[in-house]
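Hi,

Here is the structure I promised to pass on. Have a look first, then read my notes below.

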Amino acid sequence: MVGVPDGRTPGRGPTAGGRGVDRPLLSLALASLLDEVHAHSGAVYLLSPNQPVLEMAVAGGMPRAFVAPWERVGLSAPIPVAQAVRERRLVWVGGEEEMARRYPRIAVVLPYPFALAALPVATRTTVYGAVFVTWPASHPPMLSDWEREHLTAACDRLALRLERAAAQRHPVGPEPDLLAVPPAGGAAGTLGTVEAVRMVARLPYGLASLDLHGRISYLNAAAADLLGLPTRELLGTRLWASVPWLNDPMYEDRYRAALISQHVTSFVALRPPGDWLSFRLYPSTTGLSVRISRARAVAEMGRSAPEPGDGPSSLVTISHVLSLAGALTEAVGVQDVVQLVADEIAPAVGSQALVVLGSQSGRLHVLGHRGYEDPHTVERFHGMPLTAPTPGAHVLSTGVPAFFDSLQQLERLYPAQPATPDGFEAWAYLPLIASGRPVGTCVLAYAEPHPFPADERAVLTSLGGLIAQALERARLYDAKHRLAHGLQQALLPHSLPRLPGIEAAARYLPATQGMDIGGDFYDLVPRRPLAAAVIGDVQGHNVTAAGLMGQIRTAVRAYTTVGQEPQEVMRSTNRLLIDLGVELFASCLYLRLDPANGCAVMSRAGHPPPLIRRPDGRVRVLDLAVGPLLGIDASATYPTTLIDFAPGSVLALYTDGLVESPGADIEDSLVELGQRLAEAGDAPLDDLADLLILHGAAERERIDDVALLLLRAHAG
């Protein structure tokens, strides 16, 4: 394990390799912590040596299978232990609702009432790992000051011990989990124990004792009769694995719910052909007691929650699929998918590197990779024919997964493959199949030889299907994004013309939501003797809005070129918009510029008022005469106003996205914009444009696109 000074730069700390410390440091620390704060389960993580990954070193109070999706956690993962390390602070989750709101991926896998605290294990300079502990649902929704102090002190003590172990070159690695063992036969033979067994045997209903893993450690004769199996076939087995009609994940869920919440749970199950049995589970920190009886009415089944089912491997499978499916829904573009696989899936399955391959024109296409020291190791496969004798090409072409436990196995099966000096020893090639066709291959690489048992292959293949769906959505999004970006760029001016007596600068920012395309536009029309400037905003953020924006911009240019006055340009554009029948509105501001005489004529159609900065530095809002939005009333008129535009003045024309954002008052935003224009108005116009566009409403999450056109008048 490696410590990270200041949470960023790797620094050598205790590692998982080599000789361990003389006593179980982590287990003792966890057991003491759980006892101190009266928590019922928890785990200690250590930071991985060569990658930003937390690895679970010891768990206590619950089976490891319960937290299988989080045995290896990327530091960027949105879960409490990773957040605790990133932010170097205690993270508290007070209950089921808060968990669902803040960490939905965990809530999907563990939808039970419990409280959780996560803390970093760190000194002032080095992060060694993290700890989480959980309490039953009965815990108050707030963490007490006493609990907070004890948790923090315990983690500080553990960090100092790990620091000492590192200084003494005593590696600290994984330790056996802490699972309390129910009292068994230690007192067997005493009179009290014998009498207790006789008493339980006389009861008319079944009683069974399960350990924390769900294995049956004791049951009376009535329980065996009700379950329909001999006692010898049930002892030491999991209830839902040994009883065929209980082999359903719903039943195992009740066992998990009881252990995690420490609340009594129950369910009703049908024993073929028609006997309904009631199961009631009483949990503690050492296991569960189960009462089994005949259900009084079949209707009781409908009121009971589902329960325990299936063995541990199926539970791990469900947990991984649920957790990682939630993660992949957050991916937008192809690189988002690659990053999520690197941050979430690779750590969970123990992989140290990955490559995502696609195909294009019959050749391999490297979509992304992580974990390779030399990128050329991966990139030389880019452009390789799909007919090449390589596992990546073969899996992508056939849609059949391939697993290689060792380098020798890979070389034996693919002797013609080019040598791959990438330093890895095992690989899983997962076909990414969406809508019934292969869309790519995900290659997971392992630093050491790695056997792939059947259950792990099933998990990886299932994850490949989830990655495929995310990848197909991401590639479609990227294609639409490229189309939208290209269309937007084609419809806006590539550059602004030089005008006598006028300096100009423009900026455009797309919305941060949607397709990065909108209806904001600007233009500068170099007509003699008087040039014109225009800025506008078509309703909507889609291809239709962008297309209409292009038509309006072209129309304004045409009407200006033929010599129409500003009010006529606006009227003609309004009628055109109505004639097109698109049912979209547009705001617009049109200026006829006359720098020789130090003035301009303005006409507005529902557009935000421009700002003007005078040569003396004073800024004024030109909130003058305005007509209705374009596209509403065919008979509308648009008044004009003559404004002073003396040399040294700066006009700021903008769309509403610059001053509007959720929760912000538009008047306050306008005042802030004016203040920035007043303070920096003498700066070069391009620098001023960057300053104005990157502050205020535009720098936050943008629900609207932003256009800005600056004009500065010069003498002569």
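Predicted model: local features only at pLDDT ≥ 70, side-chain atom pairs only at ≥ 80, totals over all residues.

Residues are numbered from 1 along each chain as its sequence is written, and side-chain values use heavy atoms, with hydrogens and water left out.

Helix 5 itself covers residues 145-167 and, over its 23 residues, spans 33 Å from first C-alpha to last. Helices here are DSSP runs of H or I with at least four residues, strands are E runs of at least two, and both are numbered from the N terminus. Buried residues (under 20% relative accessible area with a 1.4 Å probe, protein chains only; exposed is over 50%, partly exposed in between) in helix 5 include E147, L151, C155, L158 and L162. Their cover includes helix 1 (25-37) and strand 8 (126-136).

Now the cores, meaning sets of buried Ala, Val, Leu, Ile, Met, Phe, Trp, Tyr and Cys residues joined through side-chain atoms within 4.5 Å. The largest has 63 residues, with Y45, W70 and F279 among those making the most contacts inside it. Helix 10 (residues 249-261) gives the largest share of this core, six residues. Another core, apart from that one, holds 48 residues, including I552 and F645.

Overall, the protein chain has 21 helices and 28 strands, and 52% of its 716 residues count as buried.

Cheers

Note on methods
Expected span 1.5 Å × (residues − 1). Contact = heavy atoms within 4.5 Å.
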